[in-house]
Each structure stands twice: as C-alpha cells, then as structure tokens.
Amino acid sequence: METRKVKMIITSPGGTSSKNAEGFRLNIPTVWARDMGISREARDVKISYENKRIIIETDPS
C-alpha cells in the first residue's frame with residue numbers, strides 16, 4: 001500500500017448555500033487515478049465512508 005499525506009481543500013460554496021456552508025475536496029496523485037482507470041472520459045467513482053476511512057473505487061456503470 002502506498003500512502004501520501006495531503007491537505008484538504010476547504011471552499012465556500014456560492015449560490016443559495018448558507019453563509020457557514022463549506023465544501024471539502026482533495027487531489028489524488030495522477031499516477032493513482034491512471035492506475036484506477038480514471039480519465040476525462042471515465043471519471044465516475046464510488047466513495048464510501050466507514051470507521052473514519054474514505055474509500056474511493058471506480059464505478060463500472
């Protein structure tokens with residue numbers, strides 16, 4: 001298993017969101033995305049949250 005330490009990107013959404021709303025994002029290394037088969041044409045993924053862990057999987061549908 002390869003592990004990397006990254007910082008979360010915290011944004012303030014616009015539109016009709018409340019003034020205290022926040023959005024959370026992170027970037028994954030390109031080599032990981034390519035290894036998973038993620039591309040501009042195939043970018044759907046499935047994310048799961050369990051026991052304080054986020055799991056990202058490619059979505060075959």
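This report covers the pockets, the nonpolar surface patch and the salt bridges of a predicted model.

Residues are numbered from 1 along each chain as its sequence is written, and side-chain values use heavy atoms, with hydrogens and water left out. Because the model is predicted, local features need pLDDT of at least 70 and side-chain atom pairs count only at pLDDT 80 or more, while totals for chains, interfaces and linings use all residues.

**Pockets**

Rolling a probe the size of a water molecule over the atoms shows where empty space is left. A pocket is an open set of points on a 1 Å grid over the protein atoms alone, where a 1.4 Å probe fits and protein lies on both sides within 12 Å along at least five of seven lines; lining residues have an atom within 4 Å of a point. Grid points are joined across faces, edges and corners, and a volume is the space filled by probe spheres set on the points.

The largest pocket holds about 960 Å³ of space. Its lining consists of 25 residues, and those nearest the centre are Leu26, Asn27, Ile28, Ile54 and Ile56. Two or more lining residues come from each of β2 (23–25), α1 (30–35), β3 (45–50) and β4 (53–58). Here helices (H or I, at least four residues) and strands (E, at least two) are DSSP runs, numbered from the N terminus. The element that contributes most to this lining is β3, with four residues. By class, the lining has 16 nonpolar, four polar and five charged residues; Ala, Val, Leu, Ile, Met, Phe, Trp, Tyr, Cys and Pro count as nonpolar, Asp, Glu, Lys and Arg as charged, and the others, Gly among them, as polar.

The second largest pocket has a volume of about 200 Å³. Met1, Glu2, Lys52, Arg53, Ile54 and Ile55 form its lining, which divides into three nonpolar, no polar and three charged residues.

**Nonpolar patch**

Val6, Met8, Ile10, Phe24, Leu26, Ile28, Val45, Ile47, Tyr49, Ile54 and Ile56 make a nonpolar surface patch of about 1100 Å². Patch residues have over 30% relative accessible area and no salt bridge, and nonpolar side chains (Val, Leu, Ile, Met, Phe, Trp, Tyr) are joined within 5 Å. Areas come from the Shrake-Rupley method with a 1.4 Å probe, and for residues only the protein chains shown count as cover. Both β3 and β4 supply at least two residues of the patch, and β3 gives the most, with three. Ile54 lies in strand β4 and counts as exposed at 60% relative accessibility (buried is under 20% relative accessible area, exposed over 50%, partly exposed in between; 1.4 Å probe, protein chains only).

**Salt bridges and a loop contact**

The whole structure contains two salt bridges, each defined as a side-chain nitrogen of Lys or Arg within 4 Å of a carboxyl oxygen of Asp or Glu.

| Salt bridge | N to O distance |
|---|---|
| Glu2 and Arg4 | 3.0 Å |
| Glu57 and Lys46 | 3.6 Å |

Glu57 lies in strand β4 and Lys46 in strand β3, so this pair ties together parts that are 11 residues apart in sequence. Glu57 is partly exposed at 35% relative accessibility, and Lys46 is partly exposed at 43%. In the other pair, Glu2 is partly exposed at 47% and Arg4 is partly exposed at 43%.

Asp44 sits in the loop between α1 and β3 and counts as exposed at 52% relative accessibility. The C-alpha atoms of Asp44 and Thr58 are 6.6 Å apart, with the two residues 14 residues apart along the chain.

Notes:
Patches are made of residues with over 30% relative accessible area and no salt bridge: like charges are joined within 9 Å, nonpolar side chains (Val, Leu, Ile, Met, Phe, Trp, Tyr) within 5 Å.
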